[in-house]
Amino acid sequence: MRASRLLSILLLLQSRGRMTARQLADELEVSVRTIYRDVESLHTAGIPMYGEAGHDGGYQLLDGFRTRLTGLTEKEAQALFLAGLPGPATDLGLGALAAAAELKIEAALPPDLREGSRCVREHFHLDAPGWYHDGDQAAYLPTVADAVWNKRIIQVLYHRWRDPQEVKRTLEPYGLVLKAGKWYLVARCEATLRTYRVNQILDLHVTEETFTRPADFDLVTYWQDYLIDFRAGLIQGNAIIRLSPAGRIRMTECMSSQVVTAVSDTASTPDDLGWITATVPIESLTHAHTEFLKLGAECEVLEPPPLRAKLTATTAALSLLYPSTDS
């Protein structure tokens, strides 16, 4: 632990220049007295550093004492820091390691590249979850991540939507995927690759048994194929709708990309009021009913008849709740 802290002090001074004992203590979450002892140890070890007293004083490495990470262009260095996601790293239990790795890279960069990397962090922030979801609260995520890394078989109690809702599964965890703030586990179960929501794991036991992941398994390829199959399985039919100009704008904000693309591909010539007719894919009647209500009076469903009837019943019920106040 102390050796790691001594290295962190060196890297901090190398990447940030002069720092006071208080700044180092706050950064490393130790006491100022501990920093004094660590600095004395670095002096004893022959590290060329010096300290200056006073308000603008602090510790500093002698010029020229630094390592260089060669081969990186300025744009590559900026992209490297832009790719960091501290939130997911913390979720996986790797927050401290990710921070330490970033510090080491920053310290090794030449001054001009280091300044460009800092500029990226000051101007760009990555927020993975959607607007209406703060991300998963997955209690077993760090444990699952450790099992993935160490190729340990796990036994889970899993909650699913169909009966029986609680099932026991023995899994070979192949990889984790973060999608829109939600964590998914790709695992082999009974010789079949399946996908599980990590926050639906109710209980977990890591066994002593290990497994060998196939050499030809590629997590990115699997996930891309999974998404294609998942989206294809959602579509259960089509609907014919009329959209106002305002409805076409609104739908780009609240409807799926498949629906937006279908409207663009199948839109009729606008009528005198600018309304168009289009054919769009739908999932279930219940899901389509909810989705089209988001467009209010800017959308009219023409077909299928059961969906139109469902919307008619809803609008009739709404008219009773919100009767006209016109005299």
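Colleague: What should I know about the model first?

Modeller: The model is predicted, local features need pLDDT of at least 70, side-chain atom pairs count only at pLDDT 80 or more, and totals for chains, interfaces and linings use all residues. Residues are numbered from 1 along each chain as its sequence is written, and side-chain values use heavy atoms, with hydrogens and water left out.

Colleague: What makes up the protein chain in terms of helices and strands?

Modeller: The protein chain has 13 helices and 10 strands. Both are DSSP runs numbered from the N terminus: helices are H or I with at least four residues, strands are E with at least two.

Colleague: Why is the contact between Arg16 and Glu27 called a salt bridge?

Modeller: A salt bridge needs a side-chain nitrogen of Lys or Arg within 4 Å of a carboxyl oxygen of Asp or Glu. For Arg16 and Glu27 the N to O distance is 3.0 Å, and their side chains meet in a salt bridge. Arg16 lies in helix H1 (residues 2-16) and Glu27 in helix H2 (residues 21-28), so the pair ties together parts that are 11 residues apart in sequence.

Colleague: How do you know whether Arg16 and Glu27 are exposed or partly exposed?

Modeller: Arg16 has 37% relative accessibility, so Arg16 counts as partly exposed. Glu27 has 39%, so Glu27 also counts as partly exposed.

Colleague: What makes Asp26 and Arg22 a salt bridge, and where do they lie?

Modeller: Their closest N and O atoms are 3.2 Å apart, and the pair forms a salt bridge. Both residues lie in helix H2, four residues apart, about one turn of the helix. Arg22 has a relative accessible area of 46%, so Arg22 is partly exposed.

Colleague: What about Arg194 and Glu190?

Modeller: The closest N and O atoms of Arg194 and Glu190 are 3.9 Å apart, and the two form a salt bridge. Glu190 is exposed because its relative accessible area is 65%, whereas Arg194, at 29%, is partly exposed.

Colleague: How many salt bridges are counted by this rule?

Modeller: The count comes to nine salt bridges.

Terms used
Buried means under 20% relative accessible area, exposed over 50%, partly exposed in between (1.4 Å probe, protein chains only).
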